[in-house]
Amino acid sequence: MKRTFAAAVAASFVMTGASSAQELFEMTSGYANNLPILGTASVNFVDKINSISTEVEFEHFNPGELVPALEMLDATSNGSVDAAYSTSGYWQGKMNAAGLFAAVPFGPEPGEMLAWMLYDDGMKYFQQMYDDNGYNVKVILCGMYAPETSGWFKKEINSMEDLQGLNMRFFGLGAEVMQKLGVSTSLLAGGDIFPALERGAIDATEFSMPLVDANLGFYNIAKYNYFPGWHQPSTMFELLINKDRWEDLDEIAQNQIEIACMANLADNFAEGEAKNFPAMKENVDEHGVEIKNWNEEQLQQFESAWLEVASELGAEDPFFQEVWDDLQQFRQDYKLWSNNIYLPRPYTSVADQ
């Protein structure tokens with residue numbers, strides 16, 4: 001999607017004539033509003049749009065207050081709710097390509113992903129996915145943050161063989177990878193994870209960033225927190241709006257919603273970068289968490305399994321293959337920039353010596 005956001009900003013502030021009554025949008029969220037970073041992002045979006053718009057007003061609802069989190073897409077499409085703040089990875093079971101617009105294993109980090117989404121073909125394909133599958137929704141990119149943790153385990157993983165037979169909550173395309181490595185995965189909403197860990201229904205879980213996961217108390221049961229987040233180098237969040245409601249809005253109101261989402265992207269990313277290292281320290285110092293890192297050989301095994309998954313999904317789904325090929329071509333071209341402009345990895349800073 002190539003567009004000039006400056007033009008959208010200018011258009012949103014062109015006010016002529018008397019203001020009309022605001023359109024009310026009831027928005028369900030996939031995340032409770034007390035969850036830092038993850039849950040507060042949807043609240044922050046509502047605050048942003050309501051502070052700048054004379055055209056629309058959004059009302060925030062927690063998961064389950066209007067519809068369960070995993071039913072948000074269907075509810076928004078059929079008009080049961082007006083809008084939903086979520087991530088498309090929840091719809092992986094409905095559409096193979098959904099995870100490519102949420103979190104791509106060993107994929108782009110936030111800057112590169114935003115470039116593909118906003119200035120290449122990402123948003124075009126994102127909307128096309130919903131249209132082609134008969135969903136009556138408008139999709140807007142409305143949040144993004146840096147990598148999540150790779151998971152919380154009750155027992156230390158000393159070899160990849162230790163993964164086999166585990167029951168684990170896992171999300172999106174990363175779940176397909178874990179299944180290929182012998183893990184039995186299930187997709188649980190955030191509020192259902194701790195009880196499942198506590199009663200032994202699952203042996204491990206991934207969910208979000210250290211601060212978010214600490215808020216849910218995973219450290220009480222699973223003491224081994226693994227990094228890096230190979231399955232989610234960046235995570236994108238969507239605002240879904242019932243397409244009939246969207247098309248009834250005038251251009252000013254549409255621009256205001258898109259601008260509030262663009263502001264939310266920056267806010268969401270910055271909050272995640274700022275608040276997680278104190279949470280990691282607290283997890284270790286106060287809760288006895290052990291920070292563990294996958295070694296290079298293990299990461300290569302994860303990546304090899306992911307490439308198998310991508311090949312299989314592409315073989316059965318032409319749309320997945322088209323989107324995957326487009327992203328891969330963009331990444332190949334992007335290397336000319338990234339390999340030259342950024343400091344090499346690893347690089348030992350003089351300040352760290």
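At what angle do helix α4 and helix α5 pack? I started my notebook with that one, keeping in mind that I am reading a predicted model.

**Entry: α4 and α5**

I looked up the pair and found an angle of about 65 degrees between helix α4 (residues 110-119) and helix α5 (residues 122-132). Their axes are 4 Å apart. Angles of 65 to 115 degrees count as roughly perpendicular, and α4 and α5 are therefore described that way. Next I listed who meets whom: α4 brings Trp116, Met117 and Leu118, and α5 brings Gly122, Met123 and Phe126. I sorted the residues of this contact by class and got five nonpolar, one polar and no charged.

While in α4, I also checked Glu112, which sits in that helix. Is Glu112 buried or exposed? Its relative accessibility is 10%, so I noted Glu112 as buried. Setting aside residues up to four places away in sequence, I saw Glu112 touch Phe330, Arg331 and Tyr334.

**Entry: α11 and α12**

I then turned to another helix pair. Helix α11 (residues 296-316) and helix α12 (residues 318-341) pack at about 130 degrees, and I read 5 Å between their axes. That angle makes α11 and α12 oblique to each other. On the α11 side I wrote down Trp306, Leu307, Ala310, Leu313, Gly314, Ala315 and Glu316; on the α12 side, Pro318, Phe320, Gln321 and Trp324. By class, my tally for this contact reads eight nonpolar, two polar and one charged.

**Entry: Asn96**

Which residues does Asn96 contact, once neighbours within four places in sequence are left aside? I found Leu173, Leu313, Glu316, Asp317 and Phe320. Asn96 itself belongs to the loop between β3 (83-86) and α4. With Asp317 there is a side-chain polar contact of 3.3 Å. I also checked Asn96 against Pro68: they are 28 residues apart along the chain, and their C-alpha atoms are separated by 22 Å.

**Entry: the disulfide**

How many disulfides does a search of the whole structure find? I got one. The partners are Cys142 and Cys261, with their sulfur atoms 2.2 Å apart. The value about the S-S bond is -85 degrees, and I logged the link as left-handed. Cys142 lies in strand β4 (residues 137-145) and Cys261 in helix α10 (residues 251-287), so the bond ties together parts that are 119 residues apart in sequence. I noted both Cys142 and Cys261 as buried.

**Entry: loops and backbone**

I looked for cis peptide bonds and noted Phe227 to Pro228, with omega near -5 degrees. Pro228 is in the loop between β9 (224-227) and β10 (235-242). I noted another from Arg345 to Pro346, also with omega near -5 degrees, and Pro346 falls in the segment after α12.

Positive phi values came next. Ile37, not a glycine, has a phi of about 65 degrees. I placed Ile37 in the loop between β1 (23-29) and α2 (40-52), and it is buried at 0% relative accessible area. Phe106 has a positive phi as well, near 55 degrees. Phe106 is in the loop between β3 and α4, and it is partly exposed at 23%.

My last stop was Glu161, in the loop between β5 (151-153) and β6 (167-169). Its relative accessible area is 53%, so I wrote down exposed. Glu161 and Gly182 are 21 residues apart in sequence, and I read 8.5 Å from C-alpha to C-alpha.

Methods: Residues numbered from 1 in each chain as written. Predicted model: local features only at pLDDT ≥ 70, side-chain atom pairs only at ≥ 80, totals over all residues. Heavy atoms only, no water. Axes fitted to C-alpha atoms, helices over the stretch in contact; angles between N-to-C directions. Helix = DSSP H or I, 4+ residues; strand = E, 2+ residues; numbered from the N terminus. Parallel < 35°, antiparallel > 145°, perpendicular 65-115°, else oblique. Contact = heavy atoms within 4.5 Å. Nonpolar A, V, L, I, M, F, W, Y, C, P; charged D, E, K, R; others polar. Buried < 20%, exposed > 50% of the residue type's maximum accessible area, 1.4 Å probe, protein only. Polar contact = N/O pair within 3.5 Å; in protein donor to acceptor, adjacent residues only side chain to side chain. Disulfide = S-S within 2.5 Å.
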